Structures are given as C-alpha cells and as structure tokens.
Amino acid sequence: MKLVIAVIQDQDNNRLSNALMKQNFRATKLASTGGFLRSGNTTFLIGVDDQDVSKVLDIIRDNCRAREQMVTPVSPLGGNADTYIPYPVEVEVGGATVFVLPIDEYHHF
C-alpha cells in the first residue's frame, strides 16, 4: 500500500478530483498555501495499492498542468532591497508536486 501526496494549484482541483472519482480512487483534499507565490493550493491524500500507483500518477499528470503567470514580487520589509525586482516577472506555476510514501497499515472504519 502507498500514500500518494499531490500538491496542486487550486485551478486544477476540480478536474483532478473528478478524474480520480471516475477511476474509483478515493482522495482526501486539504487546503494549503504555496510559499513562493503565497497562492492557494490543494493537497490530495490518496491511499492506493502498489499496483495502482502508476495509474494515479498518470491521472495527476493528465489533469494538472503548468502555466505561465505574471507576478509582482513582494517588497522586502526589513531585508536587503538591493536584490528586489520592482516589476512583474513571468514564472511557471501549476503542475503537481507528488510524493509516494510506503504505508505499513491502513484501516477504514
């Protein structure tokens, strides 16, 4: 048994949730916040049998895409202003960060 932890951008939340349900995978969703852009993310916790890990990874890959976004960096409040960029920059956001962990025991009550 494995625990798949997928951190995705909120924009992909419904698409991934629906795709997992269509394939009969249960998931717990948690609201989370990204550190760099301080924007909303969703973290999925998905318990799967070992043989289903690649199927879940394919579903995540197919439904969570990276995209370009313009962001204005937050100004430093007490730090060094020498490296501060005062204009918007384009960064890649989205996609998915996925962790696959072994599970010793699983109980469903």
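Author: A residue is called exposed when its relative accessible area is over 50%, and buried when that area is under 20%. The model discussed here is predicted. On one side of helix α2, Arg61 and Asp62 are exposed.

Reader: Which residues of helix α2 are called buried?

Author: In α2, which covers residues 53–63, the buried residues are Val53, Val56, Ile59, Ile60 and Asn63.

Reader: How do you know where on the helix these buried residues lie?

Author: One looks down the axis of α2: the buried residues fall within an arc of 125°, and therefore they line one face of the helix. Arg61 and Asp62 are on the other side.

Reader: Against which elements do the buried residues of α2 pack?

Author: They pack against the strands β1 (2–9), β3 (40–48) and β6 (96–102), and against helix α1 (13–22).

Reader: Why is threonine 42 counted as buried?

Author: Its relative accessibility is 4%. The limit for a buried residue is under 20%, and threonine 42 therefore counts as buried. Threonine 42 belongs to strand β3.

Reader: What does threonine 42 touch, apart from residues up to four places away in sequence?

Author: Its contacts are Ala6, Val7, Ile8, Asp10, Asn13, Lys29, Leu30 and Ser32. The C-alpha atom of threonine 42 is also 6.2 Å from that of glutamine 9, although 33 residues separate the two along the chain.

Reader: What makes the link between the side chains of threonine 42 and aspartate 10 a polar contact?

Author: The separation is 2.7 Å. A polar contact requires a pair of N or O atoms within 3.5 Å, one able to donate a hydrogen and the other to accept it. The pair formed by threonine 42 and aspartate 10 is accordingly a polar contact.

Reader: Is asparagine 13 buried or exposed, and how do you know?

Author: Asparagine 13 has a relative accessible area of 15%. As buried means under 20%, asparagine 13 is buried. This residue is found in helix α1. Beyond its neighbours within four places in sequence, asparagine 13 is in contact with Ile8, Lys29, Thr42 and Phe44.

Reader: Is asparagine 24 buried or exposed, and how do you know?

Author: Asparagine 24 has a relative accessibility of 69%. The limit for exposed is over 50%, so asparagine 24 counts as exposed. It lies in the loop between α1 and β2. Asparagine 24 is not a glycine, yet its phi is positive, at about 65°.

Reader: In what order do the strands of the open sheet stand?

Author: The order of this four-stranded sheet is β2-β3-β1-β6, and the pairing is antiparallel.

Reader: Why are β2 and β6 said to stand at the edges?

Author: β2 (28–33) and β6 each have a single partner strand, so one side of each is left without a neighbour in the sheet. On average, neighbouring strands of this sheet are turned by 20° against each other, direction ignored.

Reader: How do you know that β2 and β3 pair?

Author: Pairing requires at least two bridges between the strands. β2 and β3 have six bridges, in the antiparallel sense, and they therefore count as paired. Threonine 33 stands opposite glycine 40 of β3. Helix α1 packs on the sheet, where it touches β1, β2 and β3, and its direction makes about 15° with that of β3. Helix α2 also packs on the sheet, touching β1, β3 and β6, at about 165° to the direction of β6.

Reader: How many bridges join β1 to β3, and how many join β1 to β6?

Author: β1 and β3 are joined by eight antiparallel bridges; alanine 6 has phenylalanine 44 of β3 as its bridge partner. β1 and β6 have seven bridges, also antiparallel, and alanine 6 stands opposite valine 98 of β6.

Notes: Residues are numbered from 1 along each chain as its sequence is written. This is a predicted model: local features need pLDDT of at least 70, side-chain atom pairs count only at pLDDT 80 or more; totals for chains, interfaces and linings use all residues. Side-chain values use heavy atoms; hydrogens and water are left out. Buried means under 20% relative accessible area, exposed over 50%, partly exposed in between (1.4 Å probe, protein chains only). Helices (H or I, at least four residues) and strands (E, at least two) are DSSP runs, numbered from the N terminus. The arc is that of the directions from the helix axis to the C-beta atoms. Contact means heavy atoms within 4.5 Å. Axes are lines fitted to C-alpha atoms, for helices over the stretch in contact, and angles run from 0 to 180 degrees between N-to-C directions.
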